[in-house]
Amino acid sequence: MYDPLVNNQLNNKQGFPESYWSSTAFPINYDMLDKSINADVVIVGAGYTGLSCAIHLAQQGVKNIVVVEANEIGWGCSGRNAGFVLPGSGRLGYTQLVNRFGLSQTKNLHDDFMSAIELVDTLSSQSNTSIDKTELGYLKLAHSKKWFEKLKDSADYLHNEFDYDVEVISKTDFCQQYVDHKNVFGAIRYTNGFGINPLKLVNSYAELASSLGVKIYNQSPVTNILKSGQQHLITTELGSVLSDKLVIATNGYTPKALNTPIKNKILPVLTNVIVTRPLTADELKRSNFKTHQVMMDTRELKYYYRLLPDNRILFGGRGAISGKDAKNPIYAARLLSELKSSFPELSALTIDYNWIGWISVAFDQMPHIHKTADNIFYSTGYCGSGVSFSAYAGKLLANLIQEQKVDSPLISELPYLPFAQFRRTGQRFFYQYGRMKDWLS
Ligand SMILES: Cc1cc2nc3c(=O)[nH]c(=O)nc-3n(C[C@H](O)[C@H](O)[C@H](O)COP(=O)(O)OP(=O)(O)OC[C@H]3O[C@@H](n4cnc5c(N)ncnc54)[C@H](O)[C@@H]3O)c2cc1C
């Protein structure tokens with residue numbers, strides 16, 4: 001499997017990842033770039049970040065916007081994620097954010113997180129593609145008694161400091177009203193999160209971008225980036241784009257040898273997803289699975305899951321460390337085993353789909369949106385929580401490009417990863433630490 005820390009370039013012969021989502025929709029097809037063209041803004045990468053940036057630039061009147069994608073639109077994380085539209089991004093909780101940015105800036109960030117969720121609705125409603133939105137609710141599940149106490153404290157904190165109300169749900173109520181879950185000690189429910197079909201969301205953004213005049217090219221991996229006077233020249237196999245402004249929206253899929261400003265500053269991390277066969281009416285009843293709301297636990301090494309519209313369960317968690325080991329079936333088996341331990345009534349379930357993707361993690365565990373001295377713009381580092389925030393980051397990128405005032409603590413340069421060549425060793429240690437921490441908590 002393609003490994004961004006091993007493969008120098010990303011080739012365009014990969015085919016669209018086989019997933020549950022690709023059984024429900026095809027990514028919209030676009031031509032390959034096969035000539036030399038000029039642009040006002042060129043965007044590398046057609047995931048949510050790149051497409052949202054293009055949409056917002058076009059809505060602000062920028063005329064000549066080009067998006068160049070190595071494979072098909074949404075080929076990276078955007079077309080294969082779990083479809084959780086979450087209130088937040090990065091890995092830090094609110095108290096950690098306050099420690100880092102101070103209360104006032106964290107309040108701004110909270111507003112950004114809320115706006116990001118609304119933006120998914122606003123953008124997708126401007127296209128003809130339905131994104132299969134679920135009922136509202138993001139359930140955060142305590143995996144221990146201690147963690148339920150922490151969740152209750154965080155509910156108070158969110159109410160008192162941010163005027164943001166989340167529901168606290170006891171273990172008994174959870175098992176009666178949502179699903180009979182054997183490993184849960186209580187939950188909180190964020191009332192504005194929801195689930196979507198991620199590939200349909202990509203299509204809806206691309207449809208909107210195209211309708212606004214944005215030119216999208218598929219199957220065109222960018223292999224080189226050069227400064228040409230005040231402009232940027234990006235080169236693909238059969239074409240090139242000369243542009244005033246350049247946006248890097250390649251996130252965790254950025255190939256090793258591409259000379260972007262995010263080189264050696266992110267850790268691409270694998271996450272693994274299984275989707276089971278549909279539950280029978282009897283299994284639904286016995287497990288008391290009543291909810292289609294999206295769920296994630298409080299572990300350091302988290303599991304996330306949801307009941308899909310056709311009553312299959314999507315269940316995700318960490319995967320291998322390297323691309324070479326990514327397809328080792330032990331990772332899917334581990335997810336199925338955790339699923340069955342949580343819902344013993346579902347012990348007969350089997351896996352119909354399994355796929356893997358690279359998320360991008362920054363050293364300080366938060367996204368960064370930045371303009372370099374060379375007039376290159378980027379946003380990355382969502383740490384696996386980027387469905388809503390990447391769309392918002394695309395909007396902030398567009399505002400930066402248009403030289404508007406943007407006030408967010410996340411507008412800052414990505415820090416270098418110390419000892420970048422040893423990042424995978426560090427990741428192995430982190431997984432050991434996470435396992436130990438989860439076991440003790
Ligand atoms: C399995 C999985 C589950 C996830 N679940 C969730 C979830 O439920 N909720 C949530 O909030 N987040 C989730 N995420 C994370 C979320 O999907 C991402 O944060 C988000 O999609 C990032 O969008 P993006 O546009 O920045 O990057 P991507 O969607 O990764 O797009 C980057 C694009 O750049 C292209 N590219 C790379 N190099 C080149 C090049 N040289 N030339 C041209 N193009 C190039 C790639 O082909 C790719 O299409 C998940 C991720 C994965 C992998």
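The model is predicted, so local features need pLDDT of at least 70 and side-chain atom pairs count only at pLDDT 80 or more, while totals for chains, interfaces and linings use all residues. Residues are numbered from 1 along each chain as its sequence is written, and side-chain values use heavy atoms, without hydrogens and water.

Trainee: What is the volume of the largest cavity?
Mentor: On a 1 Å grid over the protein atoms alone, a cavity is a set of points where a 1.4 Å probe fits but cannot get out. A volume is the space filled by probe spheres set on the points, which are joined across faces, edges and corners. The count comes to one cavity of 30 Å³ or more. The largest cavity has a volume of about 50 Å³.

Trainee: How many charged residues are in the lining of the largest cavity?
Mentor: Lining residues have an atom within 4 Å of a point. Those of the largest cavity include His143, Asp297, Arg299 and Glu338. Asp, Glu, Lys and Arg count as charged, Ala, Val, Leu, Ile, Met, Phe, Trp, Tyr, Cys and Pro as nonpolar, and the others, Gly among them, as polar. By class the lining has three nonpolar and four polar residues, and the number of charged residues is three.

Trainee: Which residues lie closest to the centre of the second largest pocket?
Mentor: A pocket is an open set of points with protein on both sides within 12 Å along at least five of seven lines. The second largest pocket has a volume of about 360 Å³. Of its 15 lining residues, the closest to the centre are Met1, Pro17, Glu18, Arg80 and Lys327.

Trainee: How far apart are the end C-alpha atoms of helix α6?
Mentor: Helices are DSSP runs (H or I, at least four residues), strands likewise (E, at least two), numbered from the N terminus. The expected span is 1.5 Å times one less than the number of residues. The 14 residues of α6 (residues 198–211) should therefore span 20 Å, and the separation agrees, at 20 Å.

Trainee: How many residues of α6 are buried?
Mentor: Buried means under 20% relative accessible area, exposed over 50%, partly exposed in between (1.4 Å probe, protein chains only). The buried residues of α6 pack against α1 (48–59), α3 (103–124), β8 (215–217) and α9 (387–401). Of the 14 residues in α6, the number buried is eleven.

Trainee: Is threonine 260 buried or exposed?
Mentor: Threonine 260 lies in the loop between β11 (240–248) and β12 (266–276). With contact taken as heavy atoms within 4.5 Å, threonine 260 touches Ile225, Ile248 and Thr254, not counting residues up to four places away in sequence. Because its relative accessibility is 7%, threonine 260 counts as buried.
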